[in-house]
Each structure stands twice: as structure tokens, then as C-alpha cells.
Amino acid sequence: MDSDINLSLDNNNYTNKDIKINIEVIDEYFEYILLPNGEKIYEKKYSYTVNNNGKYNFTVYNKQKKKKDASIEVKNIDRTIPNGSCTGYYKDNKTTINITAQDNIKISKYVLNNNSYTNNQIILNKKIETAAITIYDTAGN
């Protein structure tokens with residue numbers, strides 16, 4: 001079968017959202033694409049939405065009932081929320097907050113009072129009694 005099946009992801013970065021697999025078939029005798037969920041699509045270009053990591057298989061059939069398989073692996077969907085704790089102290093008119101955080105990919109920022117920090121140690125030139133830190137990973141969780 002003289003078909004080209006091009007599969008690509010609409011997002012290659014870590015994300016906490018669904019991802020689209022873009023499918024493009026080049027075959028003058030094209031008939032349909034069999035999607036991983038069993039649905040038949042009669043268009044040469046299609047976007048298939050996935051919400052989990054894994055390997056996705058597509059089969060293209062032409063009008064002579066010949067088929068060609070192609071697959072793509074999705075590895076960048078992350079919905080795991082980071083977690084952590086913090087300690088702080090006040091000395092010499094400065095508050096120092098030390099954050100310990102864990103995530104399955106990577107921490108991107110810490111937010112305190114609508115201000116973002118990339119360092120896990122935050123030093124403020126004022127006294128604060130309590131601190132609520134929000135931890136974000138690179139997928140946006």
C-alpha cells in the first residue's frame with residue numbers, strides 16, 4: 001500500500017489537559033481511518049482527542065481493502081498534583097520561608113500572596129505571621 005500516515009501531537013509539553021493527535025493520510029485510494037476507539041473516519045485529515053497517556057494505534061484502509069497501521073505514544077499528560085510543606089522564621093526584619101515540594105515531573109513555581117517565585121526559599125523584607133503557598137508543576141497542576 002502506497003500510503004503515508006503522518007501522526008503528530010498538538011502539544012509536546014507537559015500538560016494537565018487533553019491532547020489531540022493530528023492524523024494526515026496521503027493516499028489517492030484512501031477510504032477510511034480506523035481510530036483506536038473503533039470509529040471509522042472518512043476524512044484524510046482528522047484530530048483525535050485523548051485524555052490519558054499511552055500508545056494509540058490507527059489503521060488506514062484504501063478502496064482495495066489494503067491496510068496500513070501507524071501508532072504514536074502520548075507521554076506528556078500529567079494530572080498529578082504536586083505537594084509539599086514549608087517552614088519559616090523571622091529574623092533581622094526579614095521573613096524566610098523554606099519550601100519542600102515533590103512532584104512526579106518538575107516544580108515550576110511557588111505562589112505566595114499573588115506573587116510567583118521559582119526558588120524554594122522566599123525571603124520577604126517584612127514580618128508575616130502565616131503563609132499559604134501554592135505549588136505548581138510544569139503541567140499546570
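In which sense do S8 and strand S9 pair, and over how many bridges? The model is a predicted one, and in it S8 and strand S9 (residues 94-102) run antiparallel and are joined by 9 bridges. Within this pairing tyrosine 90 stands opposite threonine 95 in S9. The two strands form a hairpin with 2 residues between them, and aspartate 92, in the loop between S8 and S9, has a positive phi near 55° although it is a residue other than glycine. Aspartate 92 is also exposed, with a relative accessible area of 65%. As background to this value, most residues other than glycine have a negative phi.

S9 has a further partner in strand S12 (residues 121-124), to which it is joined by 4 bridges in the antiparallel sense. Here isoleucine 97 stands opposite isoleucine 122 in S12.

**Salt bridges**

A search of the whole structure finds 3 salt bridges, which are set out below.

| Arginine 79 | Aspartate 18 | 2.8 Å |

The side chains of aspartate 18 and arginine 79 meet in a salt bridge. Because aspartate 18 lies in the loop between strand S1 (4-9) and strand S2 (19-26), and arginine 79 in the loop between strand S7 (67-74) and strand S8 (83-91), the pair ties together parts that are 61 residues apart in sequence. Aspartate 18 counts as partly exposed at 43% relative accessibility, and arginine 79 counts as partly exposed at 41%.

Lysine 65 is exposed at 56% relative accessibility, while glutamate 31, at 23%, counts as partly exposed. Lysine 65 also has a positive phi of about 65° although it is not a glycine.

The charged end of lysine 127 sits over the ring of tyrosine 90, 5.5 Å from its centre. Elsewhere, lysine 109 lies over the face of tyrosine 136, at 4.9 Å from the ring centre.

**Aromatic pairs**

How many aromatic pairs does a search of the whole structure find? The search finds 4 aromatic pairs. In one of them, the rings of tyrosine 32 and tyrosine 61 have centres 4.9 Å apart and planes at 25°, so the pair is stacked. This pair links distant parts of the chain, with tyrosine 32 in strand S3 and tyrosine 61 in strand S6, 29 residues apart. Both tyrosine 32 and tyrosine 61 are buried. Ring pairs also link Tyr32, Tyr42 and Tyr61 into a cluster.

Tyrosine 48 and phenylalanine 58 form an edge-to-face aromatic pair, at 5.7 Å centre to centre and with 90° between the planes. Since tyrosine 48 lies in strand S5 (residues 45-50) and phenylalanine 58 in strand S6, the pair ties together parts that are 10 residues apart in sequence. Tyrosine 48 counts as buried at 10% relative accessibility, and phenylalanine 58 is buried with a relative accessible area of 0%.

Definitions and conventions
Residues are numbered from 1 along each chain as its sequence is written. This is a predicted model: local features need pLDDT of at least 70, side-chain atom pairs count only at pLDDT 80 or more; totals for chains, interfaces and linings use all residues. Side-chain values use heavy atoms; hydrogens and water are left out. A salt bridge is a side-chain nitrogen of Lys or Arg within 4 Å of a carboxyl oxygen of Asp or Glu. Buried means under 20% relative accessible area, exposed over 50%, partly exposed in between (1.4 Å probe, protein chains only). Two strands pair if DSSP finds at least two bridges between them. Rings of Phe, Tyr and Trp (its six-membered ring) pair if their centres lie within 6.5 Å; planes under 30 degrees apart count as stacked, over 60 as edge-to-face and the rest as tilted. A charge sits over a ring if NZ of Lys or CZ of Arg is within 6 Å of the ring centre and within 35 degrees of the ring normal.
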